[in-house]
Amino acid sequence: MTGTSRGAAEMTAAMTISGTIGWFVIVSRQPVLDVVFWRCLFGAVTLAAACAAMGLLRPGVLSGRQVLLAALGGIAVVLNWLLLFGAYGRSSITVATTVYNTQPFMLVGLGMLLFRERPSVAKLQWLALAFGGVLLLAKAAPDAARGGSNYGIGILMALGAAFFYALAAIVAKALTGVAPILIVLVQTLVGASILAPLAHLTTLPTGGATWAALITLGAVHTGVVFILLYGALQKLPTPLAGALSFVYSLVAIGVDVTAFGRRLHPLQIFGAAAILLAAAGTTLGWTPLRRPGPHPSGRPVD
């Protein structure tokens with residue numbers, strides 16, 4: 001197996017596993033805050049073991065500034081998970097995951113705000129399409145929502161989750177040269193520390209199925225997935241990695257349909273398709289409205 005083939009297999013496995021997160025969150029039947037705490041705790045244990053095996057836990061491996069930046073990223077990651085998991089129960093896994101795919105546009109917006117970056121015309125066109133998709137999903141609330149106004153709140157929470165994910169990504173850019181797996185270890189440790197006083201630790205979860213779901217969310221969806229993802233990104237060209245990342249959304253939608261019998265109404269389908277197409281176009285660098293170029297002979301193209 002070539003390096004690219006192995007990287008593609010690792011990326012596909014990571015995204016497939018990630019697509020099942022919503023199912024484990026829901027079947028755990030725990031408050032979202034508790035779910036995120038246990039995910040951070042079990043994820044930190046798994047990542048610490050992996051970092052130790054890779055020799056990354058040496059004294060002085062991180063400077064004080066790097067630890068502080070990673071900790072700030074950890075706060076953003078925790079808020080991202082809290083909002084996304086909360087959105088599942090309000091709007092459905094499918095809708096929340098689809099809206100969450102507005103992450104690339106959050107990065108564009110933060111780049112404009114923080115670094116005075118000027119987005120290309122193509123990115124602005126994709127942004128307009130994604131915005132239209134979100135509006136279509138919001139308009140579909142009367143047909144789709146089983147919890148009334150909770151549906152709109154779910155969409156807002158998914159947008160908030162995408163924002164904090166983008167914020168964590170911006171912080172991670174400032175940590176160039178630091179092993180990503182080490183960054184996530186710091187983030188999960190920070191998350192567990194912040195949430196420990198707020199989690200319901202005096203009344204621990206009961207039942208083997210609940211504990212299995214919580215341990216899986218931490219050890220597998222955080223630890224194993226990130227190890228696979230880290231390995232894959234080292235082997236894959238960026239366009240292929242970006243394309244394979246959409247396996248996550250497809251699996252999540254499949255899980256929602258299969259496990260919970262959710263079905264999208266026509267308006268929702270159009271909205272979801274618009275968001276996913278725009279996210280793919282931005283990630284892969286497509287040009288939505290390309291002007292016809294000159295014909296090799298000099299004649300205009302019809």
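At what angle do the axes of helix H1 and helix H13 cross? In this predicted model, local features need pLDDT of at least 70 and side-chain atom pairs count only at pLDDT 80 or more, while totals for chains, interfaces and linings use all residues. Residues are numbered from 1 along each chain as its sequence is written, and side-chain values use heavy atoms, with hydrogens and water left out.

The axes of H1 (residues 3-18) and H13 (residues 247-260) cross at roughly 35° and come within 7 Å. Axes here are lines fitted to C-alpha atoms, for helices over the stretch in contact, with angles from 0 to 180 degrees between N-to-C directions; helices are DSSP runs (H or I, at least four residues), numbered from the N terminus. On the H1 side, Thr 12, Met 15, Thr 16 and Ser 18 meet Val 247, Tyr 248 and Val 251 of H13, where contact means heavy atoms within 4.5 Å.

A second pair, H10 (residues 180-195) and H11 (residues 208-235), has axes that come within 10 Å and cross at roughly 160°. H10 is therefore roughly antiparallel to H11 (angles over 145 degrees). Pro 180, Ile 181, Val 184 and Thr 188 of H10 make this contact with Thr 222, Phe 226, Ile 227 and Tyr 230 of H11.

How confident is the predictor? On pLDDT, its confidence in each residue from 0 to 100, the chain averages 88, and 92% of the residues score at least 70. Over residues 142-147, however, the pLDDT is below 50, and this stretch has six contacts in the model beyond near neighbours in sequence. Where pLDDT is low, the predicted coordinates should not be read in detail.

Conventions:
Helix = DSSP H or I, 4+ residues; strand = E, 2+ residues; numbered from the N terminus. pLDDT = per-residue confidence, 0-100. Parallel < 35°, antiparallel > 145°, perpendicular 65-115°, else oblique.
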